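Walk through this structure with an eye on its pockets first, then on the sheet. Keep the chain letters in view as you read.

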Amino acid sequence: MRVEIDSQRAAEGYRKVTPHGSIDAQTAPEFEAAVAPLMIPSTRIVLLDLGAVDYISSAGLQVLFAMKKQLVANGGDLLFCHLKPQITKLFQIVNALPKESVFATFEEADKYFYSIMNQEIRRQKG
Amino acid sequence: MRALTLTNRRTELTRLRREVDDFVSGGGLPAEIAFDVNVALEEVVTNVISYAFQDGGEHAIEVTLEIDGAELRAVVTDEGIPFDPREAAPPDLGLPVAERPLGGLGIFLARRLMDGLDYRREGTRNVVRLRKDVGP
């Protein structure tokens with residue numbers, strides 16, 4: 001499967017990932033391998049653009065949940081944008097779609113990322 | 001009615017999905033139905049591939065699809081060890097995702113996406129019957 005990874009804001013710990021096609025029991029290991037290099041302590045936020053994903057099953061959800069665990073442990077989060085209705089439904093069934101992590105556009109997600117970064121800078125300055 | 005025989009390999013899931021898409025659209029049903037049936041069937045078939053056969057050999061998994069009035073029915077049959085998917089423990093969805101144990105979502109999803117999931121051991125075969133209301 002094709003997975004685009006945007007490195008533009010890597011230095012800030014923010015990565016954008018765009019998988020294409022299906023994340024199913026067959027392709028989930030490929031997707032996991034593609035994102036593995038990003039899953040390091042310096043990565044805080046991954047914005048997952050699911051606009052080009054038309055199918056996902058529990059195998060795909062597990063990979064996303066493992067990413068989320070890792071990112072939350074890093075003090076960050078996994079954000080989503082461009083979710084299709086059927087994908088949204090799956091997330092809702094497994095009660096895994098917190099409103100604060102879903103965005104309609106890149107711009108909204110970017111704004112959220114910078115707002116939490118600013119909060120953190122203020123906190124560090126005390 | 002459509003019948004297909006898969007082997008116990010994950011690469012077969014692509015073919016299964018193509019067949020389901022074709023069958024559902026050929027039956028005049030919307031793509032949302034195909035999505036739900038695809039996920040449910042993938043979960044059931046993946047379970048069979050993962051757990052039913054322990055000899056490492058190649059085995060057949062039969063899948064049939066049928067639309068009968070307002071109901072779509074799918075049947076998955078294998079000759080593996082007895083396995084009742086209804087006994088899979090439900091996942092704990094009360095915890096935040098980051099604190100949940102991973103796994104256990106597949107059969108839960110299948111049951112939620114369909115309107116019925118039944119299992120019977122028939123002789124040497126596992127038979128899982130799925131049904132979904134597709135009426136107007």
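Predicted model: local features only at pLDDT ≥ 70, side-chain atom pairs only at ≥ 80, totals over all residues.

Chain A supplies A:Ser22, A:Asp54, A:Tyr55 and A:Gln86. Chain B supplies B:Arg17, B:Asp21, B:Ala31, B:Glu32, B:Ala34, B:Phe35 and B:Asn38. H2(B) gives the most, with five residues. By class, the lining has four nonpolar, three polar and four charged residues. The space in this pocket comes to about 170 Å³.

Where is such space found at all? Rolling a probe the size of a water molecule over the atoms shows where empty space is left.

Now turn to the largest pocket. Its volume is about 370 Å³. It is lined by 20 residues, and those closest to its centre are A:Ser58, B:Asn47, B:Tyr51, B:Gly104 and B:Gly106. Which elements each supply at least two residues of this lining? They are H2 of chain A, helix H2 (31-51) of chain B and helix H3 (106-113) of chain B. H2(B) holds the largest share here, six residues. The lining splits into eight nonpolar, nine polar and three charged residues.

H2 of chain A leads on to the sheet. This helix spans residues 58-73 and lies across S4 and S6 of chain A. It runs at about 130° to S6(A). The sheet itself is open, with five strands in the order S1-S2-S4-S6-S7 and mixed pairing. At its edges are strand S1 (3-6) and strand S7 (102-103) of chain A, each of which pairs on one side only.

Look next at the two strands under discussion. Strand S4 (residues 45-49) and strand S6 (residues 77-81) of chain A run parallel, joined by five bridges. A:Asp49 stands opposite A:Cys81 in S6(A).

Is A:Leu48 buried or exposed? Its relative accessibility is 0%, so A:Leu48 counts as buried; the cut-off is under 20%. Leaving aside neighbours within four places in sequence, A:Leu48 is in contact with A:Val17, A:Pro19, A:Phe31 and A:Leu64, and also with A:Leu78, A:Leu79, A:Phe80 and A:Cys81. Take A:Leu78 from that list: it sits 30 residues from A:Leu48 along the chain, yet their C-alpha atoms are separated by 7.2 Å.

Key:
Residues numbered from 1 in each chain as written. Chains lettered and ligands numbered in written order. Heavy atoms only, no water. Pairing = 2+ DSSP bridges. Helix = DSSP H or I, 4+ residues; strand = E, 2+ residues; numbered from the N terminus. Contact = heavy atoms within 4.5 Å. Axes fitted to C-alpha atoms, helices over the stretch in contact; angles between N-to-C directions. 1 Å grid on protein atoms, 1.4 Å probe; cavity = no way out; pocket = protein on both sides within 12 Å on 5 of 7 lines; lining within 4 Å. Points joined across faces, edges and corners; volume = space filled by probe spheres on them. Nonpolar A, V, L, I, M, F, W, Y, C, P; charged D, E, K, R; others polar. Buried < 20%, exposed > 50% of the residue type's maximum accessible area, 1.4 Å probe, protein only.
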